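Me: I'd like to go through a structure with you and ask how we know what we say about it. Can I show you which one I mean?

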Amino acid sequence: MIKKKTPKERRIILKHADDPSYSNKISCYLKNDGYSMLKKAFKMKPEQIGEEVLKSGVRGRGGAGFPAGMKWKFLDRKSGKPIYLICNADESEPGTFKDRQIIYKDPHQLIEGMMIAAYAIQAKQAFIYIRAEFFEGARILENAIAEAKSKNFCGENILGSKFSCDLIVHRGAGAYICGEETGLIESLEGKRPNPRIKPPYFPAVLGLYQCPTIVNNVETLCNVKHILEIGGEEFSKIGKPNNTGTRIWCVSGHVQKPGYYEFECGALTLGEMIYDVCGGLLPGRTLKAVIPGGSSSKILRADERFTGKLKDGTDFDWGIEDIPLDFDGPASAGSMSGSGGIIVMDNSVDMVEAMANINAFYAHESCGQCTPCREGSLWMRKITKRMCSGDAREEDADLLLSVANQIEGRTICAFGEAAAWPTQSFIAKFRDEFEEKAKGDSNKPTLQLI
Amino acid sequence: MKNGKSSSVVINLDGQDVEVPAGINLVEAASLHGTEVPHYCYHPKLSVAGNCRMCLVEMGTPMRDRATGEAILDEHGKQKIGWIPKPVIGCGTNVSQGMHVKTSSPMVKDSREGIMEFLLVNHPLDCPICDQAGECRLQEFATDYGRGYSRYVERKNVKPKRTRLGPRVTLDDERCILCSRCIRFCQEVVDDDVLGFVDRGSFSTLTCFPGKELSNNYSLNTVDLCPVGALTSTDFRFKMRVWFLKESSSICTESSAGSNITVSSREGVIHRITPRRNDEVNDSWMSDSGRELYKNVTSEDRLMKAKVDQEECTLSHAIETVKDTVDGKKLGIVGSCHSSLEEQFLLNKLAKITKAKKFLRGHFGEDDGILVSSDRTPNLRGSLVSGFSSRYPTDNLESLSKSLDKNELDVLLVIGEDLLASGIDLNQLNGVTLIFAGTHQNETSKLAKILIPTLTSFEKTGCFINRNFRVQSFKQAIPGPAGLLPDLQILSALIKSLEKDGIHRPDLSSIWKEMGKSSGSPLKGISFSDVPEDGLLIDGSKWSHLEFVEKKALNYTPARKAQKSK
């Protein structure tokens, strides 16, 4: 048996993240050629930058994977209203901790990326909406912005370019729903973060204060800097077609070395990630399931076969370990790469309890606006909680599935899907465990302490 | 629309091509063609929230080739329909040419059943003690789309049961389905942003913001808006089952706005007043103060018995005495802007026969910018149209005062007004015989030689003319107190007794026929039965030289902040 070489990380965004000599101070950033791309940007026309981003094919890193260049194209520039840029730093998808690294360790990279993006879309005001729990992150960003302003990388007449853009850090109040862009906008306006109905409230047309607004993820905005550095064309060669650039994967759960790893899109498979990069499972354990893109993505069962046709027409027949880690791989396997939060579960996990945990999260975080998600998420939580406390019934699996089906696709925002997909996939793939529960817990896996 | 042609579009509604006005939403479009799309949070007069998800329908649009823009045809040569895989909300989806809509497909039915189940899982199901029962959307749609049994075995959420939101509104949060209609109403119509949700998810709770209360003069509209029994009128709460109530159409007498109302009564007792939708007058709203007016019907100071010289007598005797008192004397008549159009017409006729001097006062206050106008009488314009007055009244009776000083009057017939509160001094009335006809006691009625009790607008039928010259009819809702007659019959009897050969019938259609005869009347050619439920706009240009106090507020123009901010 030939031992395969461990795939190597390619760090673009997190290039300096773990360098002990690197700090989040501007002096350090400038030493490493910081803000040179902003200077380059001002030599270009704003539309040119947009073109480069479009050419790069970079897809949004927040979860939906929508091409960022396309998003910018939708911007309503004719309205005459001010344009706003918002950085979505409300990283709250369970299993995701990539943006945090950028904010804490390399905040100036984000600020530079944002200023380039602001120039490209001609936004005079930019916001970083940061989740409440990142209080240290907010402080770091505040400091970094003050530093950047003192060096005129931000604020009035940036670097003598006559382009001005102010940057404000806005702290959330601790709600998952604020990661949804229209919910975020409502929250930024000072209201309850109830997501808006689309149509008509598409942010690119009627966003913040009913003005055209672009909302991008932290990682996406950092990528803008690197796109400018090497050019859109060259950037699009990193990774695979339609899956360009690198991605930061956040691996958590039952692996030896959980953490964040930056790879070119499609450079490795899920198996390589778990066994080679993360050092494999804990001793004596076997792989049971993987949630590939944050808690709202559908769970994949370890002994499943994934077959079908790829977009380019080729057939595939994958085991869980063969799924390529890019945007399309997990999607082809019936799940999604989402925010890049890979949650690994070994045979010590009771799937009903895992389900109960996820359901508790969604019931707690539903904003309460739409009936299905509001009532359904709490109902599902109550069912799984009851099942875990010894009162499971035979019909509960079907009931859970039915409730989830009644939520999916019937809500204003994608939270409905986020709440329904875990339940749907858990029941579809681990129905036996849910039914076992009703029979008196005979097969309950015993949790071994490490 | 711009070219004037495309003001309507053709959509396919459940397999049938129908024409609907362009730009309306699917709930309205379907309702125009007799299809009900159930909904909770949507209200035609408020912004679209799209949160209840009850109005989900299936929608598709004609497919076009993205590159060429050409229509994509199916094998029959018809344009293919690109159905959206997920259901869309009918309230938030506007019609477009060629749009296909399914309102009863399996997917739609399944969605509605799902929503219904969700709405009921944490609902207390306390219909037997709920005021809304019988007019509850939740009950109605549960009948249509409910499962009939519950799959819910968990504990229900517990929320506050009786929160006092304000002086007139009590909230039961467990019944609330979080549709946000009341919140939007306060923000968009009254501009009094006091309501909001706290907590989130299924624990979301409607409440007033700290230190605020729902005390604006339109707070009870939230009770009407509430599709379930969450917001209840503190006044009406636990008083009456709504299915026992008889509903009559009437007009609010609070001001010249003339809000259309529904009077709900049972066995001759009024239990509540609610607004009746009239897009030209009051949308779906009315003031809280207007709703309280029915209490006057049974108030302590109501005049119930005819009196002559402070002695109780029969009404016919009182009328008889009036005739004797008036005959050959110098009579003055103080009319009222609270009288109906027909009453004022007869009063004018009486004045002509007796050659009486006519006086009229107005009642004015602050305009609240919504539905309480500066003119606090329902029928000032009626006094102009009926011919009783040609001048715009002031808020006192100065000309009467002058007449009294010159001893020009022997007898005064006063309709409802309190002379002593209108600039007349007690001494001035010395030697003048007072006849008072009205519903309630006041300082003047106490001085009257002859006292004729009359009926409130709830107890009779007639018309008022509101601030923009809209004739609106009000129907008798309850019978008047025993032994009393409608004002029209009293006036008619008086006219009959004073006019030697006059043939007079006190019915509305005869009066309207007669009103139409007078030259230059804007009522020409209109009969009483021509006045529709939602009123009839007449030409008031004849009086355009008068300085009406309402000025710009001649129409209620709802504040449409809705589209600006959600």
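**How do we know?**

Reply: Let's start with a pair of residues: B:G332 has B:K357 as its bridge partner in β18(B). Keep in mind that this is a predicted model.

Me: What makes β17 and β18 of chain B a pair of strands?

Reply: Two strands need at least two bridges between them to count as paired. β17 (residues 331-334) and β18(B) have 3 bridges, running in the parallel sense, so they pass that test.

Me: And where do these strands sit in their sheet?

Reply: They belong to an open sheet of 7 strands in chain B, in the order β16-β15-β21-β20-β19-β17-β18, with mixed pairing. β16 (311-313) and β18 (357-359) of chain B are the edge strands, each pairing on one side only. From one strand to the next, the twist averages 20°.

Me: Why do β12 and β14 of chain B count as edges?

Reply: They're in an open sheet of 3 strands, ordered β12-β13-β14 (chain B), with antiparallel pairing. β12 (246-251) and β14 each have a single partner strand, so one side of each is left without a neighbour in the sheet. The twist here averages 30° from one strand to the next.

Me: Why is the contact between A:E136 and A:R139 called a salt bridge?

Reply: The cut-off is 4 Å between a side-chain nitrogen of Lys or Arg and a carboxyl oxygen of Asp or Glu. For A:E136 and A:R139 the closest N and O atoms are 2.6 Å apart, so the pair qualifies. The two residues are about one helical turn apart, because they lie 3 residues from each other in helix α7 (residues 135-150) of chain A. Over all chains, a search finds 68 salt bridges.

Me: How do you know that the second largest pocket lies between domain 1 and domain 2 of chain B?

Reply: Look at who lines it. Domain 1 (8-104) and domain 2 (127-298) of chain B both give residues to the lining, so the pocket lies between them. There are 45 lining residues, and those nearest the centre are B:E135, B:V223, B:D224, B:L225 and B:P275. The lining divides into 15 nonpolar, 14 polar and 16 charged residues, and the space inside is about 1,200 Å³.

Note on methods:
Residues numbered from 1 in each chain as written. Chains lettered and ligands numbered in written order. Predicted model: local features only at pLDDT ≥ 70, side-chain atom pairs only at ≥ 80, totals over all residues. Heavy atoms only, no water. 1 Å grid on protein atoms, 1.4 Å probe; cavity = no way out; pocket = protein on both sides within 12 Å on 5 of 7 lines; lining within 4 Å. Points joined across faces, edges and corners; volume = space filled by probe spheres on them. Nonpolar A, V, L, I, M, F, W, Y, C, P; charged D, E, K, R; others polar. Domains from an automatic or database assignment. Helix = DSSP H or I, 4+ residues; strand = E, 2+ residues; numbered from the N terminus. Axes fitted to C-alpha atoms, helices over the stretch in contact; angles between N-to-C directions.
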